[in-house]
Amino acid sequence: MAEAPIIELTNIVKSFGPVSVLKGVNLRAYPGKVTALVGDNGAGKSTLIKGLAGVQPYDSGEVRFAGEAVHLHSPREASRLGIEVVYQDLALCDNLDIVQNMFLGREELGFGTFDEGLMEREAAETLRQLSVRTVSSVRQKVSSLSGGQRQTVAIARSVLKKAKVVVLDEPTAALGVAQTEQVLELVGRLAEQGVAVILISHNLADVFAVADYISVLYLGQMVASVKAEDTNRDDIVGYITGSKTYNGVQA
Amino acid sequence: MTATSVLAPKASFDVRKLLHAREAGVFAALVLLFILGTVLSPNFAQSGNLLSVGQQISQIGIMAIGATFVIINGEIDLSVGSIYALAAISTGMAIAAGLAWPVAILIGLGVGAVAGLLNGLAVVLLGVPSFIVTLGSLSVFRGITLLISDGAPISLSAKQPGVAEFTLLGQGRLFGVVPMQLIIFAVIAALGVVLLSRSRLGFNTYAVGGNQEAARLVGINVKTVKLTAFVLSGLTAAIAGVLGLSFLSYVQGVTGTGLELTVISAVIIGGAALFGGSGTMWGTIIGVAFIGLLQNILNINGISSFWQTVVTGLVIVAAVAADTWQRKRKTRA
Ligand SMILES: Nc1ncnc2c1ncn2[C@@H]1O[C@H](COP(=O)(O)OP(=O)(O)OP(=O)(O)O)[C@@H](O)[C@H]1O
Ligand SMILES: [Mg+2]
């Protein structure tokens, strides 16, 4: 391991009433690397990342950010550290335009009035850095965008403020071939810029196309964490379905 | 979707916002109504008449400013007519009891803000839909108004010290021309415009109304945004109630019954959607003016107030139908 992990989750536990969803989960993510988080429906992937985003704090366990123990109890706290999440259902406001969505909940809006022109320039600049060329105007309402464009806006939103960690929850689930390609390219570009990317996906082709590490969650437990180059599709399918157990060293 | 020039920001942004299709439509309707009024009666377009329309719409207008925040949040406040009366009675009783009029006003406004806060707390803490909460509080606040006044009207005697100053708020005219009430409405409307379109609260209000869950996930305090809206609604209803008392020197427990419907109508005619997320303060102001002019035209042409009720109802449905039609056309394009 060349670099120290920027995110290190240890022994994370989370239950909803009697239902125990995360049973002592460990996860690491590294700057400039893509860590894929895979697992069957209901394995607990979204729950794991909602804790990291501060929207649904963990019951117990340790979260280290750049080596320091942190407590994440609100989206603002996570955002302040540079942790941004693109949710499964995107969490965009259809009634607002691209710029407004990218600045949603941002603290720089301040208490007084804010600078629409500056917001517009920053949003456009972020899209340009991501080489996004698929939206015709940053003042378009999000309701008028295609699935891929919406995904693009959600990702651009997450990197607007120089995020250090970006979590993407099934970013390609609803996309066609070409748009999936674009989003995966975007994921690669984020990692190149030094961002630690955590990618949740059910599509193993996508996972193997971009991931440096693969972590497999099975019924609330992390059953494998491996380097993508040291494993293969069949093994991962085995871990996901529980028909195979990993007995190598956890990467 | 291949345009690449895209990201060049458009400088005309604010202008386009002003000409927002829905508002432009209502504004055009307002202009047509004005022309119609002028054609029907020579008395209509006189400054004296128009200023008295301004006087008549001021209280509804002030209440509509607060209601706009609630409606853009995707909520509704049916209790504003009752809060209007509760605040007016509270202020009236305080003055009758010999308190200085500024203190009496503060009491009335405080009562309104607290009433709004209670509505808001019930909505965000108990999770009861605002339609139900405020349907209940419409009745509760009205009942309290009748209880504390014991069902008896309050008349302010001009002989009592301070009452003359107090009634200036509702009856006075700046330079003997412009009604004080209209000036107060203008100031509150200006504050409303800035708060809704230029402040973080306004920005967050649109986000909450558009997608509450998304707003929560990005760290917007949804509860605070909604509470603020209900407090503003209660406060503006109270301001209107105090002005009503000042205007008539008189208030009774049933005063302001049904006002909520006129207020909500004005906001809806102005283009806000009942399910939240859209609408503007300018739209509301135009909607208020529209209702005022419409009633005035019917009045000066001697049309019975029964017909006025019918026409107002038809206009609301027509306004929303036109909006729905426009939206459908847009999505098809
Ligand atoms: N707020 C909640 N209350 C109760 N149970 C919940 C809640 N959120 C999630 N769960 C349960 O936790 C389990 C894990 O859910 P989670 O959404 O984390 O799975 P996932 O791995 O993201 O699945 P998918 O691939 O379908 O998105 C599921 O059984 C789900 O029903
Ligand atoms: Mg999920």
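Student: What should I know before starting?

Tutor: The model is predicted, so local features need pLDDT of at least 70 and side-chain atom pairs count only at pLDDT 80 or more, while totals for chains, interfaces and linings use all residues. Residues are numbered from 1 along each chain as its sequence is written, and chains are lettered from A and ligands numbered from 1 in the order in which they are written.

Student: How are two packed helices described?

Tutor: By the angle between their axes and the distance between the axes. Here, helix H9 (residues 200–210) and helix H11 (residues 222–248), both of chain B, pack at about 105°, with axes 10 Å apart. That makes H9(B) roughly perpendicular to H11(B) (65 to 115 degrees).

Student: Which residues of H9(B) and H11(B) meet?

Tutor: B:Leu201, B:Asn204, B:Thr205 and B:Val208 in H9(B) meet B:Val222, B:Val225, B:Lys226, B:Thr228 and B:Ala229 in H11(B); contact requires C-beta atoms, placed from the backbone, within 7 Å.

Student: Now the ligand. Which helix or strand gives the most to the shell around ligand 1?

Tutor: H1(A) does, with three residues. Strand E2 (19–29) and helix H1 (45–52) of chain A each supply at least two. The residues around ligand 1 include A:Phe16, A:Lys45, A:Ser46, A:Thr47 and A:Gln88, where near is a C-beta atom, placed from the backbone, within 6 Å.

Student: Is H1(A) mostly covered or mostly open?

Tutor: Mostly covered: eight of its eight residues are buried, with 20 or more other C-beta atoms within 10 Å of their own, all placed from the backbone. After H1(A) comes A:Gly54, with a positive phi near 85°.

Note on methods:
Axes fitted to C-alpha atoms, helices over the stretch in contact; angles between N-to-C directions. Helix = DSSP H or I, 4+ residues; strand = E, 2+ residues; numbered from the N terminus. Parallel < 35°, antiparallel > 145°, perpendicular 65-115°, else oblique. Contact = placed C-beta atoms within 7 Å. Buried ≥ 20, exposed ≤ 12 C-beta atoms within 10 Å, placed from the backbone.
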